[in-house]
Amino acid sequence: MASGSWIGRSVERVEDGRLLTGRGAFIDDHPPVSNLSHAAIVRSPHAHARIRGWDASAALAMEGVVGVITGRDVAASCKPFGVGVTAPVHYYPAATDKVRFVGEPVAVVVARDRYLAEDAAEAVVVDYEVLPAVVDPEKALEPDAPILHEAVGSNLAGHRRLVYGDPDRAFAEAEVIVRERFRFPKYASTPIETYGVIARWDGLDGVLTVWSNFMGPFIMHPLVARVLGLPENRLRFIVPPDIGGSFGIKSSIYPYLALIGLAAMKLGVPVKWIEDRREHLLASSSGTDRVAWREVAARNDGTIVGMRFKWFDNVGGYIRSPEPGCSFRPTGNFVGPYRFQNLEVDASVVMTNKSLTGPNRGYACGHLYFETERMIDLLAERLGLDPVEVRRRNLIDRASFPYRTPTGGLYDSGDYAATLDKALVLAKYDELRREQARARAAGRYYGIGLALAVDPSVSNMGYVATALDPQFRAKPEYLPKSGAVDSATVKIDPLGRVIAILGTTPQGQGHQTIVSQIVADELGVAPRDVTVVDEMDTFTRVWSISSGTYSSRFGSVGTSAVALAARKLKAKLVEYAAHLMGVTPGEVEFRDGGVHRTSGKATPYSIKDLAGRAHWNTESLPEGMEPGLAATAVFGFSVARAVDAEDRVNSSNTYGFIAEVMAVEVDPDTAAIKIVKYVTVHDAGTIINPMIVEGQIYGGALHGLGGALYEELAYDDDGQLLTGTFMDYLVPTASEAPDIEIAHVVSPSPLTTLGSKGLGESSSMTVPAVIANAVSDALRPLGISITELPMTPTRLHDLITRARSSASEPRPPRSGHPRPEPASPTPLQ
Amino acid sequence: MKPPRFEYHAAHSVDEAVALLGRYGGDAKVLAGGQSLMPMLNFRLARPAALVDVNRVAALAYVREDDGVVAFGAMTRQRTIEFSPMVAARLPLLREATRWVGHLPIRSRGTIGGSIAHADPSAEYPAVLTALGGEVIVQGPRGRRTVKAADLFEGYLTTSLGPEELLVEVRLPAMPAGAGYAFEEFARRHGDFAIVGIAAMVVRDGARCAVARLATAGTGPVPVRLRAAEEILERDGLGDAAVAAAGARAAELVDPDADVHASAEYRRHLTGVLTVRALKRAIAGATS
């Protein structure tokens with residue numbers, strides 16, 4: 001097979017055979033140890049309460065119960081988790097003094113089976129002193145709000161004011177200023193497989209082994225080791241071959257690794273816990289709900305000169321790492337695809353009595369672009385310009401790449417204008433506008449929305465420090481953070497077949513397929529001759545702090561490591577073959593699965609031939625060559641630097657681009673939204689497998705649609721979750737999926753080995769924006785502007801009813817919002 | 001999400017099932033399609049001492065016409081009803097409503113008797129039973145009795161059936177030839193329980209309306225027969241003004257609750273909108 005022929009093809013996924021026939025190996029399938037006991041977690045029914053005590057005696061007396069771990073044991077045996085802010089938030093694997101959200105673990109019951117464990121969990125008595133709750137991030141900062149963490153003194157976990165350029169001057173000199181307030185909902189991912197943990201404590205060796213569907217980042221490994229008081233080389237994390245989806249959510253499983261690990265250590269039995277769906281909705285993880293105040297300053301021709309963001313991000317009862325990534329993960333791409341240089345970001349990270357938050361597909365970018373793209377449309381409306389035109393006037397142009405953003409991002413490649421144009425052509429934008437004119441003339445509500453987004457992938461660990469004050473970061477004892485690395489090992493067995501070993505934790509992305517394509521191209525073999533092993537094991541794999549499968553990083557960093565490892569091995573084969581031929585390596589070349597003389601006649605050596613000789617007869621190796629046919633490569637980005645003194649950071653390593661157009665029709669009588677056109681064009685550099693890419697885009701789009709229209713972890717004022725089952729937490733299904741038209745523009749990344757970028761989060765970050773713009777455009781005749789998601793039928797109906805009833809009255813001018821200072825404007829130290 | 005301990009009995013006849021229910025003195029639940037009961041058990045919202053499984057009672061699965069009445073054995077699956085030629089011919093409103101019931105796997109297990117006995121006010125079958133003025137036959141320790149739709153639904157998930165009684169048959173009067181019908185529903189997603197559903201049937205007599213039938217799903221604790229709206233049509237005919245008046249009246253006749261999916265006001269509004277839409281479609285399909 002000629003080289004270069006597998007990358008770019010829709011090779012069928014090697015994973016699908018086993019997955020579609022029920023042969024996947026998930027955490028719940030294969031007990032790795034015998035005699036497992038089963039855990040049920042006792043959870044708080046209260047949003048906010050002081051714990052006066054625990055009484056597990058009745059539970060301990062029940063049939064089949066092995067033991068009970070309470071918050072008292074947790075307090076005695078664990079240290080709190082490290083958090084990403086300097087505020088003294090003490091976050092333990094289970095509540096030790098107070099509960100701060102409904103569903104917070106307060107005890108673990110371990111029994112012979114899960115049924116008995118759940119029976120006994122009902123018998124654990126926890127004595128609560130119920131306290132008033134607060135769930136709204138703005139209300140939580142009011143002076144009389146209940147305080148969750150007395151040691152912090154307020155509910156503000158962190159606050160930063162980041163200034164880039166001269167926003168005050170930009171606003172002072174602006175010809176037009178548009179202001180708006182937005183609310184973004186708390187929603188999650190609901191992967192089909194929930195969390196699962198199995199822990200075994202080996203008291204003789206002092207090793208705790210934890211199997212789980214944890215996806216990384218493996219920074220959580222030292223974090224958990226510290227909580228349990230274990231040396232890192234006595235804590236073993238193993239991830240089974242298959243994970244049933246995650247979309248970021250499973251990065252936040254780590255408190256349970258500590259909790260179930262502690263149960264195994266304390267009770268001396270291997271313990272298994274599989275999270276059920278109710279627990280998952282109640283207490284796993286979600287994105288933050290956010291209140292955002294936005295301002296854009298522009299010239300009358302639509303040129304944006306500056307923006308101001310003021311955010312209140314609600315991280316729930318505790319700030320759990322990697323939060324406050326909700327605010328800072330997109331630091332490098334705060335400006336999106338636009339050229340403006342002046343920006344002020346005022347970010348308050350607030351704790352309330354809701355469940356905890358963390359990465360959720362598009363981590364913080366769904367929020368960011370919903371606000372920005374709505375603002376662009378509002379600006380266009382104010383200026384009477386076409387929203388396409390306003391965007392075009394502000395796009396970073398093609399000649400500027402690589403482009404350094406004012407916030408420190410380094411956009412590696414792109415052609416934003418061409419991508420937007422492709423989306424407009426595919427959507428027949430002008431025809432959509434004509435259709436809209438016809439619809440409006442007929443009294444129908446038809447609207448067209450646009451959304452553009454810079455799609456960041458491969459987080460640079462360094463961004464987390466943006467949450468810290470520069471003065472704090474300047475202290476000599478402070479250790480700067482940066483990096484994004486992945487490893488891969490490629491080895492050839494004595495009969496010439498290839499095994500690639502990864503340190504990744506795929507959750508359905510198809511790493512085995514992708515790696516087999518890459519290795520097949522590099523070594524000139526068929527993908528079926530490449531076996532890919534991706535069962536992460538911290539004792540045997542080469543890994544680092546940033547390892548894992550998150551932040552759409554495999555398409556950039558993992559694939560680079562694989563290609564580099566294969567190339568290393570190829571170089572060794574070339575050197576070996578040249579030695580066998582009695583020529584210099586410069587006189588041979590690797591092609592078609594073997595090593596050939598560049599000129600002159602000589603029998604080529606196939607990989608199989610070389611592998612057999614190298615393994616069976618090490619005497620045949622050239623002098624000084626290391627025996628064995630294996631190569632490991634660790635790929636890291638040199639552009640991943642620590643945040644600088646001016647709060648600039650290249651928060652990701654590769655940056656793709658998305659341009660979308662959507663047309664909707666709204667039924668004003670039922671408030672139903674019908675998507676009549678949806679076009680999404682992506683630039684993710686080199687595409688390795690178009691079919692897999694398409695699947696990611698479909699999934700991302702549906703995920704975004706969930707947040708825009710259906711999904712919300714809604715709470716009442718007492719902090720009770722109102723959407724705790726799939727009857728109430730509505731995940732869009734195939735029936736809700738619109739037709740999705742996908743196209744690509746390819747601007748290869750200069751930073752990755754193959755030119756590829758990540759794409760796993762993709763349209764999850766644009767759909768909330770594009771549909772909000774489309775619906776706002778549809779309802780413009782009624783003066784309706786969407787500023788809050790999800791657009792539930794009730795909310796939309798209320799807007800329509802209010803608009804219709806005030807239609808006869810003059811419309812009040814949209815007044816500028818006040819810009820209240822946060823309750824505690826002093827940055828925390 | 002594991003149920004507490006319970007006894008399990010697989011009944012093979014109606015008599016055996018009723019005897020088992022009697023043995024537990026009201027502390028047993030009937031397991032039909034299990035589409036609502038199983039989640040309630042797993043959530044520990046229902047904690048019966050025993051389940052009486054009637055899936056093996058072959059005598060409870062039938063569809064037959066009997067003197068102008070279509071009779072359904074309680075264990076007739078929704079999927080069977082969806083494809084029954086007799087239902088298509090004699091109860092096309094029920095057939096249309098069935099397509100709104102959940103998704104294929106749910107309809108494959110779910111039964112007409114289970115849906116009605118469960119009495120979820122947002123479900124489609126209780127609305128159709130109410131609109132068409134059907135009845136159910138129940139069997140208990142003291143024999144069989146017939147309960148009319150109007151006397152069946154007492155509140156949210158509550159019927160007038162005794163705890164030792166088993167719903168054995170659902171009876172719906174066959175729709176008159178030429179009747180127009182429609183089932184209109186608004187739900188946030190395909191297959192969800194209705195936010196509001198409207199079952200409508202009209203029998204035309206020239207320009208006059210001989211019979212109008214309207215009932216709701218999702219507008220309160222029980223399905224609501226919209227008799228006063230029906231009367232407008234039967235009095236004023238089937239013109240646009242009468243239809244609009246019936247819709248407005250329908251909205252006044254319901255007293256919906258608010259929940260996380262819809263406000264009471266929105267449900268009331270939808271009742272009017274969907275009544276008009278259902279009537280327009282029903283009228284368009286009616287032949288005199």
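How many residues does the contact take from chain B and from chain A? The contact takes 22 residues from chain A and 16 residues from chain B, two residues being in contact if their C-beta atoms, placed from the backbone, lie within 7 Å.

This is a predicted model, in which local features need pLDDT of at least 70, side-chain atom pairs count only at pLDDT 80 or more, and totals for chains, interfaces and linings use all residues. Residues are numbered from 1 along each chain as its sequence is written, while chains are lettered from A and ligands numbered from 1 in the order in which they are written.

On the side of chain B that touches chain A, helix H12 (residues 264-285) of chain B gives the most, with four residues. Helices (H or I, at least four residues) and strands (E, at least two) are DSSP runs, numbered from the N terminus. By class, this side of chain B has nine nonpolar, four polar and three charged residues. Ala, Val, Leu, Ile, Met, Phe, Trp, Tyr, Cys and Pro count as nonpolar, Asp, Glu, Lys and Arg as charged, and the others, Gly among them, as polar.

Chain A has 20 helices and 28 strands. Its C-alpha atoms fill a box of roughly 95 × 70 × 55 Å along the principal axes. The radius of gyration of chain A is 28 Å, which agrees with the value near 28 Å for a compact globule of 829 residues; the radius is taken over C-alpha atoms, and the globule rule is 2.2 Å times the number of residues to the power 0.38. Of the 829 residues of chain A, 60% count as buried. A residue is buried if 20 or more other C-beta atoms, placed from the backbone, lie within 10 Å of its own, exposed if 12 or fewer, and partly exposed in between.

Helix H10 (residues 365-383) of chain A has 19 residues and reaches 26 Å from its first C-alpha to its last, close to the 27 Å expected. The expected span is 1.5 Å times one less than the number of residues. In H10(A), 16 of the 19 residues are buried.

Most residues other than glycine have a negative phi, and most peptide bonds are trans.

| Cis bond | Omega |
|---|---|
| A:Glu323 and A:Pro324 | about 10 degrees |
| A:Leu789 and A:Pro790 | about -10 degrees |

A:Ser551 has a positive phi, near 55 degrees, and counts as buried because it has 31 C-beta neighbours inside 10 Å.
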